[in-house]
Amino acid sequence: MKIMSVKGFHDVLPDESARWQWIEQQAREVFARYAFAEVRIPIVERTELFSRSIGETTDIVEKEMYTFTDRDGSSLTLRPEGTASIVRAYVEHALNQREAVSKLFYFGPMFRRERPQKGRLRQFSQVGAEVIGRDDAATDAEVLLLLHDLLSRLQVSGAQIELNSLGCFACRPAYRAALLAYGEAHRQVLCENCSRRLERNPLRLLDCKDRACRESTADAPVMIDYLCTPCRAHFDTVCALLAREGVEPRLNRRMVRGLDYYCRTAFEVVAEGLGAQNAVGGGGRYDGLVKALGGPDAPGIGFALGVERLVLAVADHEAARPSLPEVFIAPMGSAAEAEAMHLAHRWRCDGMRVEMASGGKSLKSQMRLADKVGSPYVLILGEDELAAQVLTVRDMVAKRDFPRVVALSSSATALRQALVQLTSAAVEQHA
Ligand code: AMP
């Protein structure tokens, strides 16, 4: 019996993996421009790292973590997100003593036991960035500009950054109290989850996915109306700095983000064509997190984008397709096959993308194969060609043969030149 993959855990096949690589390349390029450096964080962490940072009353910690007891009795968890691990690494390696500000990025799989559906998996990948060590509005604007540049570069269809402020430890308590009072007054219309979590975490009220619950809390108080003067100034400066660069995020007054550690600037990215799961990413400021995880009192801000959703939302760029062979060698007979292997190896070492058939296939089936792998040229090596030490070229696009035109001794560069010349001469002749 076949063994199938686990529900919510997907393979990325070659058709799609080229797009993944392309997205990663674009992200690396943008991160380099903004002077971010990569951190490779482990997949497994101590469970406590997430319960202490993400928050005990969040969906992730309450019911979505893949947690197991290791043989020594310690509780370990497959990371559900990257920020906690980055902060753990920052604290563990005292990065604050090496640099005034740390600008870090990461790629990799995350694990959450959610109900799988289109755009929602149990293993998914994120690309994320964090800036630790600065709390000014300019840093928030820089992170948002980076995000904006990356989305533009990827041409994510209908990408829109939504922005909000979640206040700080000074102004949030008054807002929390107002929201709690509102929730208590509306308790009979709240969903079971919101009702249960109301006292412990009233902010979740605005984040609820339940439609009836959302509708009945449409007029709930929002944080942005409760900001203290410094938080308001911070928010206004972020918006002004972005506006100067022509970037105008949409204000989303109900956005609270799913995790407990956020304060002040919070944002999400939505895109078109993704169905119900239209968020491609999100992030925000987390000024108390580093300290809460045993580090210095260093502020931070960051974001994460979901790669599977980006793959669905990015335009179809030629560069994001799998790279095709430049030539396909079709040998006829065992002596030619051995020679073809040698040629392929030589040209591959020279940097050329070469494919070949083996196993004594007929010319017809080799042509079919060459067509299938998308090679623009087939180099035919039959007995006659082998004797004369030349190759016959078939132009697969123009469907034309050029008998015995390329010497076996050609370098990859000479071969490329010869192919270009043959094609252009044929085009001229045709004209
Ligand atoms: P979050 O860490 O929850 O803010 O998520 C950031 C981004 O990661 C989301 O906008 C999605 O693009 C992606 N993401 C989160 N959870 C999942 C999931 N279960 N499956 C696929 N992508 C996800």
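1. In what order do the eight strands of the open sheet lie? In this predicted model, where local features need pLDDT of at least 70, side-chain atom pairs count only at pLDDT 80 or more and totals for chains, interfaces and linings use all residues, the order is E1-E5-E6-E11-E10-E9-E7-E8, with mixed pairing. Residues are numbered from 1 along each chain as its sequence is written, and side-chain values use heavy atoms, with hydrogens and water left out. The edge strands, each pairing on one side only, are E1 (37-38) and E8 (250-251). Helices (H or I, at least four residues) and strands (E, at least two) are DSSP runs numbered from the N terminus, and two strands pair if DSSP finds at least two bridges between them.

2. Within this sheet, strand E5 (residues 102-111) and strand E6 (residues 123-132) run antiparallel and are joined by ten bridges; Lys103, for instance, has Val131 in E6 as its bridge partner. Helix H5 (residues 137-154) packs on the sheet, where it touches E5, E6, strand E7 (160-165), strand E9 (263-270), strand E10 (279-285) and strand E11 (300-306). The direction of H5 makes about 15 degrees with that of E11, the axes being lines fitted to C-alpha atoms, for helices over the stretch in contact, with angles running from 0 to 180 degrees between N-to-C directions.

3. Gln126 lies in strand E6 and is buried, with a relative accessible area of 9%; buried means under 20% relative accessible area, exposed over 50%, and partly exposed in between (1.4 Å probe, protein chains only). Leaving aside neighbours within four places in sequence, the residues in contact with Gln126 include Glu81, Tyr106, Phe107, Met110, Arg112 and Leu305, contact meaning heavy atoms within 4.5 Å.

4. Helix H4 (residues 83-92) is mostly covered, eight of its ten residues being buried, among them Ile86, Val87, Arg88 and Tyr90. These buried residues pack against E2, helix H2 (47-53), E5, E6 and helix H10 (289-292). Just after H4, Ala94 takes a positive phi of about 45 degrees.

5. A search of the whole structure finds 27 salt bridges, each defined as a side-chain nitrogen of Lys or Arg within 4 Å of a carboxyl oxygen of Asp or Glu. In helix H1 (residues 14-33), Glu24 and Arg28 are four residues apart and thus separated by about one helical turn, and their side chains meet in a salt bridge (3.1 Å, N to O). Glu24 is partly exposed at 30% relative accessible area, and Arg28 is partly exposed at 29%.

6. Helix H9 (residues 229-244) holds Arg232 and Asp236, four residues apart, about one turn of the helix, and their side chains meet in a salt bridge (3.2 Å, N to O).

7. Ile43, found in the loop between E1 and strand E2 (44-46), is partly exposed, with a relative accessible area of 34%.
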